[in-house]
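Visitor: Could you walk me through this structure, feature by feature? I would like the general idea each time, and then the case at hand.

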Amino acid sequence: MAAPATGGGISADVPILHSENLTSNVKSIYYSRTFLSIISGVVAGIWGFTGLMGFVFYLLVMMVASLGLLLKAKFSIHTYFDSWNRILIEGVFGGLMMSGKV
């Protein structure tokens with residue numbers, strides 16, 4: 001992840017997000033999830049997970065990825081992102097379509 005997206009703000013309560021850092025962090029999440037979608041699709045195919053079981057496997061992989069991203073950010077999401085949704089669901093549904101095609 002890029003350096004924290006906060007700057008020298010007026011108040012310590014309201015972080016200022018730099019658009020370049022925020023964009024870089026969101027791209028990192030997108031690329032990570034895209035890679036994990038491809039890998040999870042291949043692994044699910046090798047292990048024979050189809051239908052609902054494949055979907056559950058994909059969601060499990062994405063939950064582990066979200067936890068890893070939270071750990072990487074040391075649970076201080078607002079230092080690197082503008083909302084929790086960025087880390088929890090950013091790129092999950094796009095990756096779902098990709099893993100289904102593998």
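Guide: Gladly, and let us start with the surface. Accessible areas come from the Shrake-Rupley method with a 1.4 Å probe, and for residues only the protein chains shown count as cover. Here the accessible surface of the chain comes to about 6500 Å², and 69% of it belongs to carbon and sulfur atoms. Please keep in mind that this is a predicted model, where local features need pLDDT of at least 70 and side-chain atom pairs count only at pLDDT 80 or more, while totals for chains, interfaces and linings use all residues. Residues are numbered from 1 along each chain as its sequence is written, and side-chain values use heavy atoms, with hydrogens and water left out.

Visitor: How many helices and strands does the chain have?

Guide: Helices (H or I, at least four residues) and strands (E, at least two) are DSSP runs, numbered from the N terminus. This chain has 5 helices and 0 strands, so its elements read α-α-α-α-α from the N terminus on.

Visitor: Which residues does UniProt list as "transmembrane region"?

Guide: UniProt positions are given in the numbering used here, with feature names shortened, and annotations may be inferred rather than shown by experiment. The unreviewed UniProt entry lists residues 30-49 and 55-71. In the model, residues 30-49 are 90% helix and 0% strand, with end C-alpha atoms 24 Å apart. Residues 55-71 are 100% helix and 0% strand, and there the end C-alpha atoms are 24 Å apart.

Visitor: What share of the chain is buried?

Guide: Buried means under 20% relative accessible area, exposed over 50%, and partly exposed in between (1.4 Å probe, protein chains only). Of the 102 residues in the chain, 29% are buried. For contacts, meaning heavy atoms within 4.5 Å, look at those with a separation of 6 or more: residues 24 or more positions apart account for 61% of them.

Visitor: Which residues make the nonpolar surface patch?

Guide: Patches are made of residues with over 30% relative accessible area and no salt bridge; like charges are joined within 9 Å, and nonpolar side chains (Val, Leu, Ile, Met, Phe, Trp, Tyr) within 5 Å. A salt bridge is a side-chain nitrogen of Lys or Arg within 4 Å of a carboxyl oxygen of Asp or Glu. Here Phe-35, Ile-38, Ile-39, Val-42, Ile-46 and Trp-47 make a patch of about 620 Å². Ile-39 lies in helix H1 (residues 19-47) and counts as partly exposed because its relative accessibility is 37%.

Visitor: How many aromatic pairs are there?

Guide: Rings of Phe, Tyr and Trp (its six-membered ring) pair if their centres lie within 6.5 Å; planes under 30 degrees apart count as stacked, over 60 as edge-to-face and the rest as tilted. The structure holds 4 such pairs. One of them, Trp-47 with Phe-57, is edge-to-face, at 5.9 Å centre to centre and 65 degrees between the planes. This pair links distant parts of the chain, with Trp-47 in helix H1 and Phe-57 in helix H2 (residues 51-72), 10 residues apart.

Visitor: Is Phe-57 buried or exposed?

Guide: Phe-57 counts as buried because its relative accessibility is 16%, whereas Trp-47, at 56%, counts as exposed. Phe-57 also pairs with Phe-49 in a tilted arrangement, 5.3 Å centre to centre with 55 degrees between the planes. Phe-49 is partly exposed, at 26%. Together, Trp-47, Phe-49 and Phe-57 form one aromatic cluster.
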